[in-house]
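Take a look at the chain below before reading on. The walk-through starts with charged pairs, then turns to a helix and to the backbone.

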Amino acid sequence: MTMYLWLKLLAFGFAFLDTEVFVTGQSPTPSPTGVSSVQTPHLPTHADSQTPSAGTDTQTFSGSAANAKLNPTPGSNAISDAYLNASETTTLSPSGSAVISTTTIATTPSKPTCDEKYANITVDYLYNKETKLFTAKLNVNENVECGNNTCTNNEVHNLTECKNASVSISHNSCTAPDKTLILDVPPGVEKFQLHDCTQVEKADTTICLKWKNIETFTCDTQNITYRFQCGNMIFDNKEIKLENLEPEHEYKCDSEILYNNHKFTNASKIIKTDFGSPGEPQIIFCRSEAAHQGVITWNPPQRSFHNFTLCYIKETEKDCLNLDKNLIKYDLQNLKPYTKYVLSLHAYIIAKVQRNGSAAMCHFTTKSAPPSQVWNMTVSMTSDNSMHVKCRPPRDRNGPHERYHLEVEAGNTLVRNESHKNCDFRVKDLQYSTDYTFKAYFHNGDYPGEPFILHHSTSYNSKALIAFLAFLIIVTSIALLVVLYKIYDLHKKRSCNLDEQQELVERDDEKQLMNVEPIHADILLETYKRKIADEGRLFLAEFQSIPRVFSKFPIKEARKPFNQNKNRYVDILPYDYNRVELSEINGDAGSNYINASYID
């Protein structure tokens, strides 16, 4: 047994030291002891091991000695691992030398590990809308086995959204360790909706698509990626916007959502862009036909459209109307005379919104017509034979020029005809106290307007009357002054005569007194009632019979000029003999006078 091991080690030592001998099968030198040469077995290379001979996975080598066969011991595992399965035999030469001969070496290709083989495995997630559970489809060619999950046709079923599941993948074509795949389940498909976010105003040249989250979920949104492909264009965004597209064209966009780079839903949309704006119509001509009429003709645009809109603008007013698409001419009615109209014609189409095409413009001015009547006319007198006539301009001039005319008639005779740029006339030197008719109207250079008529009369010649009255007043004033002077002179002379003891009452004062008999006490009441009757007529007669001043007593002091203003009544004066005298103040004449008398 010991000899066998040494011979085996010796044979393998020669194989490693002299590979040329083993490859060629020739001995470098003959045996000096006369031992037969040993045919060296051929060891296959790695390339040879990959291509075994047809019909067998072993190769047999021949030698000069045979029959003695030795089985390898269990300690030869390392060698068997290197050369896989090797069968060895030993023979003894006639001289007793031992010769080792390797008869066959069988080779098999090595298997990769399952972790290496399925390192880049991809997964697609399929969603069941009824159960709201996912199925993970493993993208491999062979049917693999799942260590801790049930796989059916490479599919792992009943996965809950936003949950992690661990799958151990193995197969008979690979060795341990198995591939451990972490399934990070995405959110439910119904929580996402591909929304058309195109603005209707821009839908003719723009497409907008956007994924919207219509329900909440617990998955990490940062692990979600979106992808769009529209034609040759690819976008990695949640929302895309395509601009400058052709109207009325269909565009297809495919989109998918990935969770941790694994697709779990997709959608496709075919979107047709909206109708585009129609082209601009070609206006042939537009012109005025009369003062209230105009006409416009045109050729329709080339693009599709529904109808026309015709607008005509005068100053700040704008009127628009819709016209049938088949019209190429339109007559404008009820226009304002001598007015500039700007016409705008454009086609439009009713799509998602109304789209107006470019407008074609033209303009014309309507013909002249008679102007309207002036208004708020007034006629006022500036003197007895002069008038001031004013009026407001007509509301509609209807012509190129502006001129105001005033005709003044007396009876049926035209006495004045004036023309001004403004309605402001001053008519002078008319006849006094005469009725006149004033007619004012506007003329626009082509037509006169209807006149505004007022009647007014001139006054008398107030200047002559005033001069006559002034003369009469002056003459009357002079005569009055003369009369007053005469009265004053006469009164002065009379006052002087009174101062010279002229009696105020020239008749006998005692004769003037009424004879009144004494009244007896028994009839006093009856006499009083009789005299008080008839508003005291008898008492009044007795009182009036008494003189105010008795002429036999002088009243010089009371009649002096500087004392007259101290008397309340001119005929009730104190007599000089019994008047009350006050202390005299030096330098003040009449300071000692007061209208008071002592009673005896």
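With which residue does Lys191 form a salt bridge? The partner is Glu190, and the closest N and O atoms are 3.5 Å apart. Keep in mind that this is a predicted model. Lys191 is buried, at a relative accessible area of 7%. Glu190 is partly exposed, at 23%.

Now step back to the whole protein. It holds nine helices and 34 strands. Of its 600 residues, 32% are buried. The accessible surface comes to about 38800 Å², and carbon and sulfur atoms own 51% of that area. Take the contacts with a separation of 6 or more: 56% of them link residues 24 or more positions apart.

Back to charge. The whole structure contains 17 salt bridges. One of them pairs Glu142 with Lys117, at 3.4 Å from N to O. Glu142 sits in the loop between strand 6 (133-139) and strand 7 (145-146), and Lys117 sits in helix 5 (residues 114-117), so the bridge ties together parts 25 residues apart in sequence. Glu142 is partly exposed, with 22% relative accessibility. Lys117 is partly exposed as well, with 35%.

Another salt bridge joins Lys314 and Glu317. Their closest N and O atoms are 3.6 Å apart. Lys314 counts as partly exposed at 21% relative accessibility. Glu317 also counts as partly exposed, at 44%. Elsewhere, salt bridges with shared partners link Lys132, Glu161, Glu190, Lys191 and Glu215 into one network. The opening pair, Glu190 and Lys191, belongs to this network.

A salt bridge needs a nitrogen to oxygen distance within 4 Å. Lys179 lies in strand 10, which covers residues 179-184. Beyond its neighbours within four places in sequence, Lys179 is in contact with Cys114, Asp115, Tyr118, Ala119, Val167, Ser168 and Ile169.

The loop between strand 9 (164-170) and strand 10 contains Pro177. A cis peptide bond joins Ala176 to Pro177, with omega at about 5 degrees. Most peptide bonds are trans, and most residues other than glycine have a negative phi.

The phi angles hold two further cases. Asn158 is not a glycine, yet has a positive phi of about 60 degrees. Asn158 is found in strand 8 (residues 155-159). It is exposed, at 60% relative accessibility. Asn376 is not a glycine either, and its phi is positive at about 55 degrees. Asn376 belongs to strand 26 (residues 375-383). Its relative accessible area is 44%, which makes Asn376 partly exposed.

Last stop: helix 8. The helix runs over residues 524-544 and has 21 residues. How far apart are its end C-alpha atoms? They are only 22 Å apart, short of the 30 Å that a straight helix would reach at 1.5 Å a residue. Look at Glu535 next. Helix 8 has a kink of about 115 degrees centred on that residue. The buried residues of helix 8 are Thr527, Lys531, Gly536 and Glu542.

Key
Residues numbered from 1 in each chain as written. Predicted model: local features only at pLDDT ≥ 70, side-chain atom pairs only at ≥ 80, totals over all residues. Heavy atoms only, no water. Helix = DSSP H or I, 4+ residues; strand = E, 2+ residues; numbered from the N terminus. Contact = heavy atoms within 4.5 Å. Expected span 1.5 Å × (residues − 1). Bend = angle between axes of the 7 residues up to and from the residue. Buried < 20%, exposed > 50% of the residue type's maximum accessible area, 1.4 Å probe, protein only. Areas by Shrake-Rupley, 256 points an atom, 1.4 Å probe, with all protein chains shown as cover. Salt bridge = Lys/Arg side-chain N within 4 Å of Asp/Glu carboxyl O.
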